[in-house]
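I opened this entry to keep track of what I looked up in one model. The notes follow the order in which I checked things.

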Amino acid sequence: MLLFIECESSSVEGCLKELREKAKILESMPGSIEKAKIELSFGAFMEIKIALSIDPTKKADKYIVAEHTSGKDIIERLQEKIRKKIKNTEIVDFTFGTYTMPITRRKYAVGIAVVNRPQGKGNLENLSIEERRAILGKALELFGWNPKALNISEIARLFNVSRDSIYNDIEQILKERG
C-alpha cells in the first residue's frame, strides 16, 4: 500500500506541525513501513513530501519523527533531539536540511526520520514490575532457578532499571517459588 504525505507552510514550525498531524494516520493503519522517500525543500515556503510503502502483513508501530532547531550548534542539537525519539526503532529513511532566513540570518536545521518500532520488541523498559518479574521468572526457570546464570547488568539495561531492582526481583521470585 502506498501513502503520500505533503506539507507546506511559510514557517518551519508550521510545516512540521502539519506533518505531525498528518502522520497520525499511521497509528490506525496496519502493517510496517517497508520503504520511504523523504524530500525537503526550503524557500519562501518550506515543503515536505514523504512517500511510504507499507506492508500490511507485518506488525509494527509506525512513526514519522520531525524535529527542528535554530540558533547555535543546530546540527548537534538536532541529532540529540532525534536520537532520543528513535531509540529502539528500525530506521527506514531519514534526511535533514538547513536553511538560513535571508533577512534575519537565523539558521534552522530540520530532520525527519521514518521509523518502525516492532511490536513486542524494544518495549521492555515500559513493563510493569509484575510483567518484568514474569519474564525474569521464566528465564530463571529455563536456567534451573540459578540466578548466577543470568547477566544482571544486561538484564537491567534491557529493562532500563537498576541492577538492585533486578536483584530485588529475583529475590522476590525465588521467595514466592518457595
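This is a predicted model: local features need pLDDT of at least 70, side-chain atom pairs count only at pLDDT 80 or more; totals for chains, interfaces and linings use all residues.

**Contacts of one histidine**

Setting aside neighbours within four places in sequence, I found His-68 in contact with Val-12, Glu-13, Leu-16, Leu-78, Lys-81, Tyr-108, Ala-109 and Val-110. I then looked up the element and noted that His-68 sits in strand S4. Is His-68 buried or exposed? Its relative accessibility is 18%, and since buried means under 20%, His-68 counts as buried.

**Fold and overall shape**

I listed the elements next and got five helices and six strands. Read from the N terminus, their order is β-α-β-β-β-α-β-β-α-α-α. I looked up the radius of gyration, which is 22 Å, whereas a compact globule of 178 residues would have one near 16 Å. The C-alpha trace spans about 70 × 40 × 20 Å along the principal axes. I also noted that 35% of the 178 residues count as buried. Among contacts with a separation of 6 or more, 65% are between residues 24 or more positions apart.

**Cores**

Which residues touch the most other members of the largest nonpolar core? I noted Leu-19, Ile-50, Leu-52, Ile-64 and Ile-112, in a core of 24 residues. The elements giving two or more residues to this core are strand S1 (2–9), helix H1 (12–23), strand S2 (32–41), strand S3 (46–55), strand S4 (60–70) and strand S6 (107–118). Apart from this core I found another, of 11 residues, including Ala-139, Ile-155, Ala-156 and Ile-170.

I went back to Ile-112 for its contacts, not counting residues up to four places away in sequence. Among them are Leu-19, Ile-38, Leu-40, Ile-48, Ile-50 and Ile-64. The list for Ile-112 also includes Asp-93, Phe-94 and Thr-95.

**Positive phi**

I checked the backbone for residues other than glycine with a positive phi and noted Asp-73, at about 50°. Asp-73 is in the loop between S4 and helix H2 (74–85). With a relative accessibility of 54%, Asp-73 counts as exposed. Asn-160 also has a positive phi, near 60°, and is not a glycine. I located Asn-160 in the loop between helix H4 (152–159) and helix H5 (163–177). Asn-160 is exposed, at 51% relative accessible area.

**Surface and charge**

I counted 30 positive and 26 negative side chains, with the centres of the two sets 3 Å apart.

Conventions
Residues are numbered from 1 along each chain as its sequence is written. Side-chain values use heavy atoms; hydrogens and water are left out. Helices (H or I, at least four residues) and strands (E, at least two) are DSSP runs, numbered from the N terminus. The radius of gyration is taken over C-alpha atoms; the globule rule is 2.2 Å times the number of residues to the power 0.38. Buried means under 20% relative accessible area, exposed over 50%, partly exposed in between (1.4 Å probe, protein chains only). Contact means heavy atoms within 4.5 Å. Lys and Arg count as positive and Asp and Glu as negative; His and the chain ends are not counted. The place of a charge is taken as NZ of Lys, CZ of Arg, CG of Asp or CD of Glu. A nonpolar core is a set of buried Ala, Val, Leu, Ile, Met, Phe, Trp, Tyr and Cys residues joined through side-chain atoms within 4.5 Å.
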